[in-house]
Amino acid sequence: MPLIECQVCSASADARFRCDGCLAFAYCTSEHKRIHWLAGHKEDCRRIADQMARKWELESLEGLWMQSSLCNQLIVAGCHGKGPWRRECGCAPRSQPSEHSEDNHCWQRYRAVSCGGNVDVECWKDMCDCLGVSTSGPLPLVLDYVATMFWALKICGMQSEQHEEQTLTIHVLGPEKELDQLCTFSVLGALNHKVRVDIYLVGPAVRQNSSAVLGEGVHINLISGLYHNVHDSLPPPDVTMAFNAGLAAYPTWIPTLQVVKRLKVPFFCTDYCEEAVFRSLTIMHSIGMDVSEAIHINPFRKPLMISSSDNDLPSCSNGFYLCFKIKAS
């Protein structure tokens, strides 16, 4: 998708005035190109050029879907506008659960997936083989959140074979699209079956508090409100997570991160592009979080590249992650 917005004024950009260094940004005039350079892009350009060079790696997924033909592909798969796929192409309006229910025939095909418990799952092919589905089918499109959660538990040392407690408590901060795909979290029980998993999804996008059991051993709790205002009323977490978080984009994350810092449990966050995760890291450092973890490409990123209207940074849902234990400053 060609760039259509100038970085400075959001007017239609001219391809002749693309940044020569990183190629990620375009401008409507050479003057706006100069303004953006002097306003700070001069310091960022080389880092962003390095990110652009890894675009091929982000796209190197088996079964990658194409944004330009996503509607048609979902229609062929019989999933367009249905169940957890209903918002994948933007045709359906955003809604709020009753998404606990699994009464959609399209999802029922996958309700009984089971891999027999503890398995060595490192990528989409491993997971799809484990669940008995195709990497080119529609299931990975709606499993990036739960698969990324499974990956986070693994690298944090909290999978069923690693976690000694009978119950694992996960706090998911600022959920949005997860709320449209709650039924998919039942898959976590098939992958991590020896431990009961209590998941608390906490954020302003939750309209009302509710809870449900999804599959074997997976308990979902929806909590309305900002995490820093309501965390004291929740069971203490073993791990906290934030998916596609945009930590640097929203000021309300600052008090939430200060709470997370005090919890002293692993914190895992993802975002669409590497630059967003880099900026999140900067925000964490600014409030005294002692963070030294590298940024990683998520092996369970959504197999669908997305385009932005004002940059060409390689992006996909849950594309990059940071995972670290927070130390007291």
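1. Two strands are said to pair if DSSP finds at least two bridges between them. In this predicted model, strand β7 (residues 296-297) and β8 meet that condition, since they pair in the antiparallel sense over 2 bridges. Within this pairing, His 296 has Tyr 321 of β8 as its bridge partner.

2. Strand β8 also pairs with strand β6 (residues 266-271): the two run antiparallel and are joined by 6 bridges. Two positions may be located in the structure shown above. Thr 270 stands opposite Tyr 321 in β8, and Phe 268 stands opposite Cys 323 in β8. As a general point, the strands of a sheet pair through backbone hydrogen bonds, in either a parallel or an antiparallel manner.

3. These strands belong to an open sheet of 8 strands, in the order β3-β4-β2-β1-β5-β6-β8-β7, and its pairing is mixed. The edges are taken by β3 (210-213) and β7; each has a single partner strand, so one side of each is left without a neighbour in the sheet.

4. Is strand β8 largely enclosed or largely open to the outside? Of the 6 residues of β8 (residues 320-325), 5 are buried, so this strand is largely enclosed by the rest of the structure. The cut-off matters for this reasoning: a residue is buried when its relative accessible area is under 20%.

5. Which elements each supply at least two residues of the lining of the largest pocket? They are β2 (196-203), α10 (253-263) and α11 (274-286). Helix α11 gives the most, with 4 residues.

6. The protein averages a pLDDT of 85, and 87% of the residues score at least 70. Confidence is highest in helix α9 (residues 227-230), at a mean of 97, and lowest in helix α4 (residues 105-108), at 55.

7. One stretch calls for a specific remark. Over residues 98-105, pLDDT stays under 50. For these residues the model has 22 contacts beyond four places in sequence.

Notes. Residues numbered from 1 in each chain as written. Predicted model: local features only at pLDDT ≥ 70, side-chain atom pairs only at ≥ 80, totals over all residues. Heavy atoms only, no water. pLDDT = per-residue confidence, 0-100. Contact = heavy atoms within 4.5 Å. Buried < 20%, exposed > 50% of the residue type's maximum accessible area, 1.4 Å probe, protein only.
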